[in-house]
Amino acid sequence: EMGRAAQGCIRQAVAIAFALLTTFASAQAQSDWPSRPLRIVVPASAGGVNDAVARLLGEGLSKRLGQPVVPENIAGAGSVIGTAAVAKAAPDGYTLLLAAIAPLGIIPHVRQVPYVVARDLAPVGLVATQPHLLLVNPDKMPVNTLPEFVQRLKDNPGKHNYASSGAGQLNQLEMELLMLKTGTRMTHVPYKSSGDQATALIGGHVDCAVFGITAALPYIKAGTVRPIAVMTAERYPDLPKLPAVRELVPDFGGVFSWHGLLAPAATPRPIVSKLHAAMADYLHSAQGIEQMKTIGAEAVGSSPEQFGELIRKESALWADVISRARLQIQ
């Protein structure tokens, strides 16, 4: 009997020692972090605002963490492929995701995606926001103001069309929200990227579109597109003459584009905290604010909790728009 009890004790002692070792190894890995380069997955093709944000953030983090932080584009399926790659990556703080709303709170409402945002991804913080503008091709839609724009749609139900940078992208949903709130109808024409969307609008293949300000400004200056309104809740300081949609449509809450940093869900809290601290330090610095401004973005650097709340809130908003507009997004 004695032998069995002793064996039990030994087994228990070994189990405790092993647990302590594992805890120690994991704590060691956390305190050594980062000991090699990190990558920020951008789930879109190269050349967009996403890339510019990822590059600047990567440089800012690299200075503070002492390791290279390298952006990597993994495009496809409306940002789903890159997002899934991070959701399934080792939760060791070396693979991060820079994402906008589409793969986190729009596309999961319309088709099967190989991840569950709340279960598989941990918010680190909101990096930057960017206002979106409603633009028209002045030849195809000779309107100057938002009331004229809405009136024209009411007079010609379903006769006009609008471009998006892809089915299920934010600029499709914003236009659908505007139509729901104004009781108007247009045909959606999805393109493969924001570059293609711009080409279509300038070339007069479509009548109007919603764009990020960085992409829009050169065309506004050249006169090839005409800005009608900003989609944000307030007017944008750099374009003070442009009204917010909300001024005409009071229950249009205001929408903006954003980029946030996420990690695989099981990433240890101390690593997420370290990552967040480095990110916030960069984005709240004079240099971070200035650098984001050069690409037309507003540096934020929110807490993980605030960012998680934003994802939940917008995900609910877009789920509602999708069901009310009966959208089929392939």
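Biologist: How many aromatic pairs does a search of the whole structure find?

Modeller: This is a predicted model: local features need pLDDT of at least 70, side-chain atom pairs count only at pLDDT 80 or more, and totals for chains, interfaces and linings use all residues. Residues are numbered from 1 along each chain as its sequence is written, and side-chain values use heavy atoms, leaving out hydrogens and water. Rings of Phe, Tyr and Trp (its six-membered ring) pair if their centres lie within 6.5 Å; planes under 30 degrees apart are stacked, over 60 edge-to-face, and the rest tilted. The number of aromatic pairs found in the whole structure is two.

Biologist: What kind of pair do Trp 33 and Tyr 94 form?

Modeller: A pair of rings is described by the distance of the centres and the angle of the planes. Here the centres are 6.4 Å apart. The planes of Trp 33 and Tyr 94 stand at 55°, so the pair is tilted.

Biologist: How many residues apart in sequence are the parts that this pair ties together?

Modeller: Helices (H or I, at least four residues) and strands (E, at least two) are DSSP runs, numbered from the N terminus. Trp 33 lies in the loop between helix 1 (2-32) and strand 1 (38-42). Tyr 94 lies in the loop between helix 3 (80-87) and strand 3 (95-99). So the pair ties together parts whose separation in residues is 61.

Biologist: Is Trp 33 buried or exposed?

Modeller: Buried means under 20% relative accessible area, exposed over 50%, and partly exposed in between (1.4 Å probe, protein chains only). The relative accessible area of Trp 33 is 2%, so Trp 33 is buried.

Biologist: Which residue has its charged end over the ring of Tyr 94?

Modeller: A charge sits over a ring if NZ of Lys or CZ of Arg is within 6 Å of the ring centre and within 35 degrees of the ring normal. Tyr 94 is itself buried, at 8% relative accessibility. The charged end over its ring is 3.8 Å from the centre and belongs to Arg 36.

Biologist: What kind of peptide bond joins Trp 33 and Pro 34?

Modeller: Most peptide bonds are trans. Pro 34 is in the loop between helix 1 and strand 1. For the bond between Trp 33 and Pro 34, omega is about -10°, and the bond is cis.

Biologist: What kind of aromatic pair do Trp 258 and Phe 307 form?

Modeller: Trp 258 is in strand 9 (residues 256-264) and Phe 307 in helix 13 (residues 304-324), 49 residues apart. Both Trp 258 and Phe 307 are buried. Their rings are 5.4 Å centre to centre, with 90° between the planes, and the pair is edge-to-face.

Biologist: How many residues of strand 7 (residues 208-212) are buried?

Modeller: Look at both faces. On one side Cys 208, Val 210 and Gly 212 are buried, and on the other Ala 209 and Phe 211. Strand 7 is largely enclosed by the rest of the structure, because its count of buried residues is five of five.

Biologist: Do strand 4 (residues 121-136) and strand 7 run parallel or antiparallel?

Modeller: Two strands pair if DSSP finds at least two bridges between them. Five bridges join strand 4 to strand 7, and the two run antiparallel.

Biologist: Which residue stands opposite Cys 208 on the strand 5 (residues 161-164) side?

Modeller: Strand 5 and strand 7 run parallel, joined by two bridges. Opposite Cys 208 stands Tyr 162.

Biologist: In strand 2 (residues 69-73), which residue is the bridge partner of Ile 40?

Modeller: Four of the five residues of strand 1 are buried, so strand 1 is largely enclosed by the rest of the structure. Five bridges join strand 1 to strand 2, and the two run parallel. The partner of Ile 40 in strand 2 is Pro 71.

Biologist: What is the phi of Ala 77?

Modeller: Most residues other than glycine have a negative phi. Ala 77 lies in the loop between strand 2 and helix 3. Its relative accessible area is 41%, so Ala 77 is partly exposed. Phi of Ala 77 is positive, near 55°.

Biologist: Is Arg 326 buried or exposed?

Modeller: Arg 326 is found in the segment after helix 13. Arg 326 has a positive phi of about 50°, although it is not a glycine. With a relative accessible area of 70%, Arg 326 is exposed.
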